[in-house]
2 protein chains.
Amino acid sequence: MDADLIRPLIEICGSDSVLHSPEAIELYSRCTIPWSRTCGAVVLPENVDQVSRIVRLCNEFRMPVWTFSRGRNWGYGTVLALQEGALIVILERMNRIHEVDEELCYAVIEPGVSQGQLNEYLKNRGSNLWIDAMDSSPDGSLIGNALDKGVGYTPYGDHFGHLCGLEVVLANGDIVTTGGAPEQCPTRYTYKWGIGPFVDGLFAQSNLGLVTKAGLWLMPKPEAFEMFVLKISNPENLVPVIDAHRQLALRRTVSNCHGFNEFLAVARTFGYPSHRLNGKQFMSEKDIEQFAVEQGLAAWTFIGGVYGSSRQVKAHKSEISEYLSSLGQLIFIDDTLAKRLKSITSGVRKPGVQGAFYKGLKSVAHFFGPTTSIEMMESLLSLYPILKGEPNESILDLAYFKNKEQQPNKNLDPVRDKCGLIWFAPILPARGNEVQSFVQNIKRICAGNKFETPVSLIQLNPRTFLVLIPIIFDRKNPEETRRSQGTYDQLCELLETHHYQQYRCTTPQMEKILECNPSYQHLMKCIKRALDPNHVIAPGRYGVCHTLPINDSDLTR
Amino acid sequence: MDADLIRPLIEICGSDSVLHSPEAIELYSRCTIPWSRTCGAVVLPENVDQVSRIVRLCNEFRMPVWTFSRGRNWGYGTVLALQEGALIVILERMNRIHEVDEELCYAVIEPGVSQGQLNEYLKNRGSNLWIDAMDSSPDGSLIGNALDKGVGYTPYGDHFGHLCGLEVVLANGDIVTTGGAPEQCPTRYTYKWGIGPFVDGLFAQSNLGLVTKAGLWLMPKPEAFEMFVLKISNPENLVPVIDAHRQLALRRTVSNCHGFNEFLAVARTFGYPSHRLNGKQFMSEKDIEQFAVEQGLAAWTFIGGVYGSSRQVKAHKSEISEYLSSLGQLIFIDDTLAKRLKSITSGVRKPGVQGAFYKGLKSVAHFFGPTTSIEMMESLLSLYPILKGEPNESILDLAYFKNKEQQPNKNLDPVRDKCGLIWFAPILPARGNEVQSFVQNIKRICAGNKFETPVSLIQLNPRTFLVLIPIIFDRKNPEETRRSQGTYDQLCELLETHHYQQYRCTTPQMEKILECNPSYQHLMKCIKRALDPNHVIAPGRYGVCHTLPINDSDLTR
């Protein structure tokens with residue numbers, strides 16, 4: 001990058017905070033998707049004034065600047081820009097927890113605050129509040145995930161819906177407090193819609209400003225909690241199970257349930273089972289079924305949390321049983337059982353004491369089905385704390401599925417470790433038959449490209465399911481890498497045919513994401529041009545740019 | 001209005017739809033607040049194309065155009081514009097119900113659809129869905145109220161939060177579908193945040209576009225429902241009651257409770273008790289207390305709904321009792337009891353049969369307290385159907401408090417009937433002591449201006465209370481009318497001193513509403529200028545305009 005830009009960047013943030021060595025550039029230009037862009041430099045500001053000054057500087061230099069909260073957006077694009085040589089701003093050093101209000105149940109945090117950090121902070125101060133954890137790295141940013149419209153498990157699972165009151169740096173460097181009220185307004189962090197137009201949404205999946213602080217609503221720790229697990233052996237039951245979850249969520253009995261198929265469980269738990277291929281290039285449905293039977297895996301597993309007073313949890317459980325128990329094996333796990341199961345599964349691992357633990361294991365085997373393997377039990381139990389707002393790294397195992405030899409014991413980092421992963425993330429109405437039929441189509445495309453299909457089904461809200469497909473590939477294999485891209489492209493075409501929308505998309509796909517809705521695209525162009533006339537903030541992110549030709553219906557005519 | 005504009009308006013909408021006679025102008029220039037603006041003409045388009053053509057026409061003529069869904073915004077400004085001679089567009093003839101999805105629980109409606117209309121429509125087709133009714137006229141628009149961030153009673157009480165998928169006409173006449181997905185996207189009405197920036201908020205309390213169609217999430221009829229009533233005799237208990245409601249709502253046991261003081265109950269139920277003034281200009285606290293005792297009114301009454309399966313309602317009721325029963329007299333009313341009470345209260349009214357009914361009344365008197373008058377019971381029971389999504393006119397009685405002789409038996413219309421009413425609507429964090437102290441300050445100002453103080457406390461969300469004060473005055477009395485304005489102005493100053501924000505404000509107050517937050521005001525100005533360069537859509541609505549001087553930090557520099 002031009003030394004004329006590096007120099008003032010160092011003046012603003014200090015030389016420790018501006019990374020532009022070839023090693024740094026290489027590291028920050030990595031990503032897990034089969035695509036590449038090389039950044040110009042990386043800057044790690046420490047406060048909002050530095051952010052404001054950086055943005056003003058980029059205006060002078062007409063330098064594209066892409067901001068990331070902590071940059072753990074693996075599988076979508078990590079910290080890559082659409083433009084070669086862009087300035088990357090990572091806000092991980094802005095990690096102050098400004099305030100936690102125990103009465104009104106919110107925290108005021110900066111984008112560098114990770115979910116692990118806030119969880120620890122709350123635990124250490126004996127707080128009665130829980131975060132809603134995402135099923136992702138503890139290192140991930142809470143604000144970053146919320147602005148990307150991420151989802152968790154608890155009644156606070158709609159992360160963007162639980163942000164309240166933003167501080168935003170605009171493209172001209174202005175620092176704005178949203179909500180229309182004065183900055184010191186006592187309801188700034190309690191009332192989301194504010195007075196006048198509600199603008200916070202402009203800064204979600206966007207390039208219209210950089211969020212530097214936000215209120216985040218937290219959940220008071222419930223008196224009682226249980227996790228339910230529904231194991232569905234008959235794959236045809238997926239249809240009524242989705243319909244039942246729609247009804248349960250509409251009745252506010254469950255929140256954001258997560259379901260997964262047997263191959264997703266395999267990919268979370270093991271390395272790729274190449275030894276079972278017998279010369280084939282990928283596992284057939286039949287091979288997978290056989291493997292699943294050995295591991296005691298059901299075709300589909302759904303999990304969710306039940307929250308409330310003891311009485312309410314009991315009432316909710318009755319409803320859940322009524323809707324679900326005829327559709328599969330329904331298990332409820334509370335703290336006591338979770339602890340017991342955990343001590344047994346970890347006991348079995350210890351040499352010497354295995355015998356006794358296997359006996360214990362047998363006594364609880366009926367909870368999961370008698371053939372369930374230790375690995376599968378561990379994998380399922382790793383989700384239990386996440387439903388209570390305690391994040392862990394377990395889901396990241398998935399990214400290492402074809403890269404097992406590179407997986408460290410902790411501090412997983414799929415980008416650093418050169419994993420190959422693309423997320424395909426279409427959303428569908430919560431109707432069983434529609435979801436099942438689309439999953440079948442996805443499987444057909446994956447099989448046609450010699451990939452197995454791990455499937456997650458995540459309830460974004462009572463009316464909507466996210467069908468989340470990780471395309472996991474071996475980056476060291478150029479042919480497989482190309483094939484992963486082809487698969488993703490075909491899946492995107494399938495989505496277009498059905499007019500489905502996506503929940504999030506990969507950076508390279510952003511360029512055409514709004515083409516399906518030209519009048520909306522035009523509206524965004526006009527807003528972008530008004531707020532960022534020099535087109536410096538992340539041009540093209542989520543389809544928003546103003547370099548498109550100006551047409552007849554231009555708003556400024 | 002200029003005939004050159006009337007002519008093309010008639011060409012677009014037909015002569016029946018363009019009102020510009022002196023009588024029409026007079027009628028549509030009425031409002032309940034002490035303020036006046038005379039409109040130029042009124043147009044009632046029937047479809048989105050007409051709306052689009054009207055807006056294009058206004059661009060040609062640089063004519064301010066103020067749109068209202070059905071114009072029942074009494075107490076805030078009805079259908080008055082900030083500018084003299086503006087064109088008023090009322091969308092009441094766009095009242096199509098395009099779709100009701102019984103599975104995914106939503107309706108797609110136009111802004112002319114009233115809450116009474118959708119409720120009847122659902123009942124007539126045997127739907128299993130409920131609307132969330134507002135405690136206002138059945139004639140009020142569902143979309144209009146949602147865009148004004150209105151609030152109801154059920155778990156769907158946050159009306160803007162339950163809109164999903166808008167069709168908007170922009171200032172250049174473009175018709176835009178929000179959400180970033182293609183128009184025929186199957187999740188258009190199920191997933192609110194869409195892909196890319198979420199722009200729907202730009203059209204709430206706004207002048208950036210006209211909403212012509214929207215999805216509205218509906219609530220599946222619960223298996224069980226009960227209303228709770230908490231009568232609080234000791235006014236000091238307001239503090240713990242608010243704190244308890246915060247905790248209950250945070251625990252998702254109650255939703256948007258409504259509380260009111262004794263004088264609000266009086267104003268809902270009777271004409272102004274001038275006969276009790278004994279020569280004074282207004283009733284003292286002591287007079288009101290005495291009146292309340294006679295009517296069996298508590299200092300404060302809180303009501304709310306309990307929704308769920310029979311088991312869940314039972315569990316929720318246990319929680320409510322635990323939090324509230326020590327703070328006042330707690331009553332639960334279900335359909336059976338409501339019916340019984342209703343038959344008794346209406347029976348008492350019938351001549352001849354009164355004796356038997358008074359006996360019946362005595363047998364249920366313990367529910368409300370032995371001294372509760374029939375009028376007060378009726379007034380409370382009128383809220384019961386509203387909590388079940390069935391709107392009625394009962395709250396409008398309030399507007400006629402000083403205008404009782406003008407009140408018809410039905411089809412209440414406070415504007416037509418020249419009632420005097422201003423709503424003062426500050427919002428506060430849900431902390432008992434803060435709310436109580438602010439209410440005391442409000443009462444002091446009202447008393448200083450020789451007004452009694454009716455107070456509503458409405459829980460906007462678990463963390464926030466709306467303190468809703470109707471200033472009711474006799475329009476025929478110029479001195480009292482002036483006094484009402486002075487009171488409102490002083491209350492707004494009080495609000496500013498505390499840095500509180502408002503939930504909604506009156507039209508004349510909009511001009512300065514954003515002055516407390518200049519950088520936010522500037523952001524809105526830039527967006528307004530980009531989307532409405534000729535400044536035709538409702539200039540100045542909720543503080544958004546672009547006629548402010550352009551300063552140094554202008555975004556387009």
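**Strand pairing and its setting**

Modeller: In chain B, strand 2 (residues 41–43) and strand 4 (residues 87–90) pair in the parallel sense, with three bridges between them. The model described here is a predicted one. Within this pair, B:Val42 of chain B stands opposite B:Ile88, a residue of strand 4. Both strands belong to an open sheet of four strands in chain B, whose order is 1-2-4-3 and whose pairing is mixed. Strand 1 (18–19) and strand 3 (65–68) of chain B form the edges of this sheet; each has a single partner strand, and therefore one side of each has no neighbour in the sheet.

Five strands of chain A make up an open sheet in the order 5-6-10-8-9, and here the pairing is antiparallel. The edges are taken by strand 5 (97–101) and strand 9 (175–177) of chain A, each with a single partner strand, so one side of each is left without a neighbour in the sheet. On average, neighbouring strands of this sheet are turned by 15° against each other, direction ignored. Helix 3 (residues 48–61) of chain A lies across strand 8 (163–169), strand 9 and strand 10 (210–217) of chain A, and runs at about 50° to strand 8.

The relation between the two chains comes next. The contact takes 98 residues from chain B and 98 residues from chain A. Of the interface residues of chain B, 100% are also interface residues in chain A, so the copies meet through the same surface. Between them, the chains bury about 8,700 Å², of which 58% is on carbon and sulfur atoms.

Charged and polar pairs also cross this contact. Eight salt bridges are counted between chain B and chain A; one of the residue pairs linked in this way is B:Arg311 with A:Glu319, whose closest N and O atoms are 3.0 Å apart. The count of residue pairs in polar contact between the chains is 52. Several elements of chain B each supply at least two residues to the side that touches chain A, including strand 9 (175–177), helix 6 (238–250), helix 9 (310–324) and helix 15 (518–531). Helix 15 of chain B gives the most to that side, with nine residues.

Over all chains, the structure holds 50 salt bridges. Within chain A, A:Asp139 forms a salt bridge with A:Arg72, the closest N and O atoms being 3.2 Å apart. This pair links distant parts of the chain, 67 residues apart: A:Asp139 lies in the loop between strand 7 (129–130) and helix 5 (142–147) of chain A, and A:Arg72 in the loop between strand 3 (65–68) and strand 4 (87–90) of chain A.

Notes. Residues are numbered from 1 along each chain as its sequence is written. Chains are lettered from A and ligands numbered from 1 in the order in which they are written. This is a predicted model: local features need pLDDT of at least 70, side-chain atom pairs count only at pLDDT 80 or more; totals for chains, interfaces and linings use all residues. Side-chain values use heavy atoms; hydrogens and water are left out. Contact means heavy atoms within 4.5 Å. Two strands pair if DSSP finds at least two bridges between them. Axes are lines fitted to C-alpha atoms, for helices over the stretch in contact, and angles run from 0 to 180 degrees between N-to-C directions. Buried area is the accessible area (1.4 Å probe) that two parts lose on being put together, summed over both. A salt bridge is a side-chain nitrogen of Lys or Arg within 4 Å of a carboxyl oxygen of Asp or Glu. A polar contact is a pair of N or O atoms within 3.5 Å; within protein, one must be able to donate a hydrogen and the other to accept it, and residues adjacent in sequence count only if both atoms are side-chain atoms.
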